[in-house]
Every structure is written in structure tokens, then in C-alpha cells.
Amino acid sequence: MKPLSVDRLAHQDIPDICALYKRVWDGTKELPTELVKSWQPTPLEFTSWMEGVTYFAARRDGRMIGAIGCEILEGSCRLVHLAVDPEARRQGVATALVTASVEWARRNTCHSVWVDLLDRFTAATALFKSLGFGECGVLHKHRLGEDVRLSEKLL
Ligand SMILES: CC(C)(COP(=O)(O)OP(=O)(O)OC[C@H]1O[C@@H](n2cnc3c(N)ncnc32)[C@H](O)[C@@H]1OP(=O)(O)O)[C@@H](O)C(=O)NCCC(=O)NCCS
């Protein structure tokens, strides 16, 4: 398999990341339409997502196959919008993205990294558990009526 690279997202990558989010969420039929739409930004919407959030993109053979956002608030880094191309799953792409994010948070003197996931996202829950994140709470009916689970990793 060709090598994977993980780099900070640049402005010229916006069309690629929007196309990635579209591919990822178009494939999920069972989610509420409002949620799916809110996770498929247009390039203009994504520009505002970038305010205060550092994104990393994973590429293989020049093609963007995964992305994640990192937002530091009060010494803690929240991970947002993690997604991997359906055709590139179970190949360590999310692991590489989360690892790069945790390293970035550490370099930025964060005390912890955390993520909130829909309860139904069992793959993501398993991923974060495998990376040493511990579950630290549940927000009931928090996102359009869906339960959300919080996981954290102390640095
Ligand atoms: C969750 C997601 C990001 C995982 O990406 P990925 O690149 O396939 O994950 P990795 O290959 O790094 O997986 C690492 C480990 O996580 C766990 N894991 C990942 N996907 C899993 C699945 N579908 N079922 C069970 N465990 C899973 C496994 O322990 C896996 O290790 P293994 O493959 O050696 O068993 C991807 O499935 C995805 O984009 N899902 C849709 C979007 C999403 O849920 N985003 C997160 C919240 S916004």
C-alpha cells in the first residue's frame, strides 16, 4: 500500500475536504437529514468552520482520504469533524489523524484532548478507546435528539 501522509490543511485544500465530507456522509442513510446536511459544508461554509480550528488532512497517492479538526479552548483540545473515506477504512487513517492531533495538542501545551460522539457511532467509539481515550460522560438527547458520548485523553 502507498504511504499515508498527514498534513495541516491549507486554504487551497478546501474543495477537496468538502468533497470528502460529502462522500463520507452521503453514504450514511440512517442519520437524520439535518445532521447529514450540517456535516457537508460548502466551501464558503467550511471557511467559517476553519475559524479557530486547525484541520489536518490524510492523503494517499495525492488523494485526500481523511480529515480532522482541532480546536483549543482554555488549554484543552476538542477534536471535531473526523471522517475517513469509506473506501479507505480500517487502514489506520483515523489512527494517524488522531495521533497527529494529540501530538499537535501536546506541542500547544494542552492538558487534555476530548471528543463528543453520537452514541450510535460505534466505530468511532471503538477507535478512540483503542487510542487510550476514556469515556467521561453522556449528554442525553443532545444533538437533534441523539445521545452524545464524551471521551477524553489526559496529556
Ligand atoms: C470512525 C472512523 C473515523 C474510523 O476510521 P478508520 O480510518 O477506519 O479507523 P482506523 O483504521 O484507524 O481504526 C483503528 C481502530 O479503531 C477501531 N475501529 C475502527 N473502525 C471500526 C469499526 N467499524 N468497528 C469496530 N472497530 C473499529 C478498531 O479497533 C481499529 O483497529 P483494527 O482495524 O486494527 O481493528 C470511520 O469509520 C468514519 O469516518 N466513520 C464515519 C464518520 C464518523 O463516525 N466520524 C466520527 C465522529 S464525527
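What follows is a set of questions and answers on this predicted model.

Biologist: How far does helix α1 reach from its first C-alpha to its last?

Modeller: Helix α1 covers residues 14–26, which gives 13 residues. At 1.5 Å a residue, the expected span is 18 Å. The reach in the model is close to that, at 18 Å.

Biologist: Why do the buried residues of α1 line one face of the helix?

Modeller: The buried residues in α1 include I17, L20 and V24. On the other side of the helix, P15 and D26 are exposed. Seen down the axis of α1, the buried residues line one face because they fall within an arc of 55 degrees.

Biologist: What covers the buried residues of α1?

Modeller: One helix is part of the cover, namely α3 (43–49). Strands also take part. The cover includes α3, β2 (54–60), β3 (63–73) and β4 (76–84).

Biologist: Which element gives the largest share of the largest nonpolar core?

Modeller: That core has 30 residues, and those with the most contacts inside it are A67, I68, L79 and L97. Two or more residues come from each of α1, β2, β3, β4, α4, β5 (112–118) and α5. The largest share is 6 residues, from α4.

Biologist: With which residues is L79 in contact, leaving aside its neighbours within four places in sequence?

Modeller: L79 is among the residues with the most contacts inside the core. Leaving aside the neighbours within four places in sequence, its contacts are I68, C70, V98, S101, V113 and V115.

Biologist: Which element gives the most to the shell around the ligand?

Modeller: There are 18 residues around the ligand, and R89, A94, T95, A123 and A126 come nearest. The elements giving two or more residues to the shell are β4, α4 (93–107) and α5 (122–130). With 5 residues, the one that gives the most is α5.

Biologist: Is R149 buried or exposed?

Modeller: R149 has its place in strand β7 (residues 146–154). Leaving aside neighbours within four places in sequence, R149 is in contact with L117, D119, T125, E135 and V138. A residue counts as buried if 20 or more other C-beta atoms lie within 10 Å of its own. R149 has 20 such neighbours, so R149 counts as buried.

Technical notes
Residues are numbered from 1 along each chain as its sequence is written. This is a predicted model: local features need pLDDT of at least 70, side-chain atom pairs count only at pLDDT 80 or more; totals for chains, interfaces and linings use all residues. Helices (H or I, at least four residues) and strands (E, at least two) are DSSP runs, numbered from the N terminus. The expected span of a helix is 1.5 Å times one less than its number of residues. A residue is buried if 20 or more other C-beta atoms lie within 10 Å of its own, exposed if 12 or fewer, and partly exposed in between; C-beta atoms are placed from the backbone. The arc is that of the directions from the helix axis to the C-beta atoms. Two residues are in contact if their C-beta atoms, placed from the backbone, lie within 7 Å. A residue is near a molecule or strand if its C-beta atom, placed from the backbone, lies within 6 Å of it. A nonpolar core is a set of buried Ala, Val, Leu, Ile, Met, Phe, Trp, Tyr and Cys residues joined through C-beta atoms within 7 Å.
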